[in-house]
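Here is a short report for a reader meeting this structure for the first time. Please look through the sequence and the model before reading on.

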Amino acid sequence: MSDSNNLKELFKKAQAELISAQSELSALAAATAADPWLETQQQDSRNKLTTVRDEKLQTWSRMGLSWLLRGGSIQLTNTEGVTTSLSAPTPPPTANYERRAPVRNPTVVQTVRRGTPRPEVVEYAPPRSSTWQRPAPVMNDLDAETLRESLDLLTEPLPLHTTEDVRNELNNLLQGCTNQTLLDWASFPKPIQRSLVGHVVARARHVQDEKSEDIFPPDLSHDLDRIFSNMTAFSKREQPGFVFGLMRHHHPVGESWLSDAQKWWMDLINQLPEDLRPDPEGALEELATLIAEEADEQELVEQALTVLEDGLEPGDPRLVKLMAPYRHLLKEHARFKKLRKAIRALEEAEE
């Protein structure tokens with residue numbers, strides 16, 4: 001590969017790294033802009049990202065300058081397609097000319113060195129945003145019922161204390177991002193897609209980074225890899241917007257990955273109309289009413305599922321007492337595993 005081609009490839013690589021560094025810095029700044037306290041907590045991270053961005057900028061600009069000094073030119077194309085060519089100024093024709101640093105010339109000069117062919121022109125279009133490689137996203141209409149179904153599959157993020165908790169968490173995340181579910185996600189507006197990806201990634205990073213090996217055995221690493229792979233593929237395909245967590249060196253925006261997951265969750269819940277938002281207390285009252293009215297068994301099972309999907313803890317004493325007489329109805333649903341365990345504990349305590 002010639003020196004010119006080699007420099008061109010290095011320039012393109014440096015440009016991609018610079019844009020990536022700037023995108024991360026912009027995303028962090030946007031995340032903390034409306035929260036003065038969070039801004040102070042993220043100052044060290046912001047300084048580090050700024051340093052990385054500046055180093056990438058220096059490398060990129062030096063390569064661009066070297067390209068110009070070798071006789072090449074750089075084209076700047078704006079959003080309307082108007083192109084301006086930049087090139088190094090022509091040195092004055094004198095035998096005793098001493099090379100000096102180039103000075104910006106307001107006029108456009110095309111320079112060709114004698115005896116050497118003109119290098120290829122490196123085209124550069126300035127980015128408009130962190131998603132500059134794609135057109136501005138089009139806001140789709142939100143199918144609120146489908147979003148609620150997607151959230152029901154994921155379930156509300158909860159603290160993880162045991163290996164069983166971690167297994168259930170990864171199972172919920174896998175169930176919540178199957179191929180069919182991701183097709184549903186693709187129909188949502190981009191901000192909703194971004195919140196879903198951010199939520200799932202934050203929960204996965206909570207398991208990966210914030211749980212000890214005592215409750216996160218090695219055999220679960222494969223499930224975690226599948227979750228990250230699904231989210232990465234979806235993000236590349238749909239371009240919902242930048243999300244912290246998909247790159248290994250990323251850190252939580254808030255105090256922990258779990259708090260980030262909970263914030264994403266509330267953002268998603270707030271997108272639902274009032275009648276579709278989870279209401280665990282209301283769902284529990286409805287369950288009590290159905291039991292009092294001696295509703296059929298299928299209705300009781302479905303309402304008990306709704307209570308859990310709306311976020312009530314399986315071990316809540318009220319739910320345990322209501323469903324203890326109907327323990328036999330809970331065997332066929334894995335979602336009732338913790339509730340069955342709580343009922344057994346209640347029965348043993350009463351013996």
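## Helix H4

In helix H4, the buried residues are Ala144, Thr146, Leu147, Arg148, Ser150, Leu151, Asp152 and Leu154. Buried means under 20% relative accessible area, exposed over 50%, and partly exposed in between, with a 1.4 Å probe and protein chains only. Eight of the 11 residues of H4 are buried, so this helix is largely enclosed by the rest of the structure. The cover over its buried residues includes H5, helix H6 (179–186), H7, H9 and H11. Contact here means heavy atoms within 4.5 Å.

Thr155 follows H4. This residue is found in the loop between H4 and H5. Most residues other than glycine have a negative phi. Thr155 counts as buried, at 8% relative accessibility.

## The model and its overall make-up

This is a predicted model, in which local features need pLDDT of at least 70, side-chain atom pairs count only at pLDDT 80 or more, and totals for chains, interfaces and linings use all residues. Residues are numbered from 1 along each chain as its sequence is written, and side-chain values use heavy atoms, with hydrogens and water left out.

The protein has 13 helices and three strands. Helices (H or I, at least four residues) and strands (E, at least two) are DSSP runs, numbered from the N terminus. Of the 351 residues in the protein, 37% are buried. Among contacts with a separation of 6 or more, 68% join residues 24 or more positions apart. The accessible surface comes to about 20,900 Å², and carbon and sulfur atoms hold 50% of it. Accessible areas come from the Shrake-Rupley method with a 1.4 Å probe; for residues, only the protein chains shown count as cover.

Helix H9 covers residues 257–269. Its 13 residues should span 18 Å at 1.5 Å a residue, and the end C-alpha atoms are 18 Å apart, which agrees. The expected span is 1.5 Å times one less than the number of residues. Buried in H9 are Trp257, Leu258, Ser259, Asp260, Ala261, Trp264, Trp265, Leu268 and Ile269. They pack against H4 and helix H7 (190–210).

The loop between helix H8 (221–238) and H9 holds His250. His250 is buried, with a relative accessible area of 5%. Leaving out residues up to four places away in sequence, His250 touches Glu24, Arg205, Phe242, Val243, Phe244, Gly245 and Trp257. Gln239 also sits in the loop between H8 and H9. Phi of Gln239 is positive, near 50 degrees. Gln239 is partly exposed, at 30% relative accessible area.

## The largest pocket

The largest pocket has a volume of about 890 Å³. A pocket is an open set of points on a 1 Å grid over the protein atoms alone, where a 1.4 Å probe fits, with protein on both sides within 12 Å along at least five of seven lines. Grid points are joined across faces, edges and corners, and a volume is the space filled by probe spheres set on the points.

The lining has 30 residues, and Asn168, Asn172, Pro314, Arg335 and Lys338 lie nearest the centre. Lining residues have an atom within 4 Å of a point. Helices H4 (144–154), H5 (163–176), H11 (297–309) and H13 (337–350) each give two or more residues to the lining. H5 gives the most, with seven. By class, the lining has nine nonpolar, nine polar and 12 charged residues. Ala, Val, Leu, Ile, Met, Phe, Trp, Tyr, Cys and Pro count as nonpolar, Asp, Glu, Lys and Arg as charged, and the others, Gly among them, as polar.
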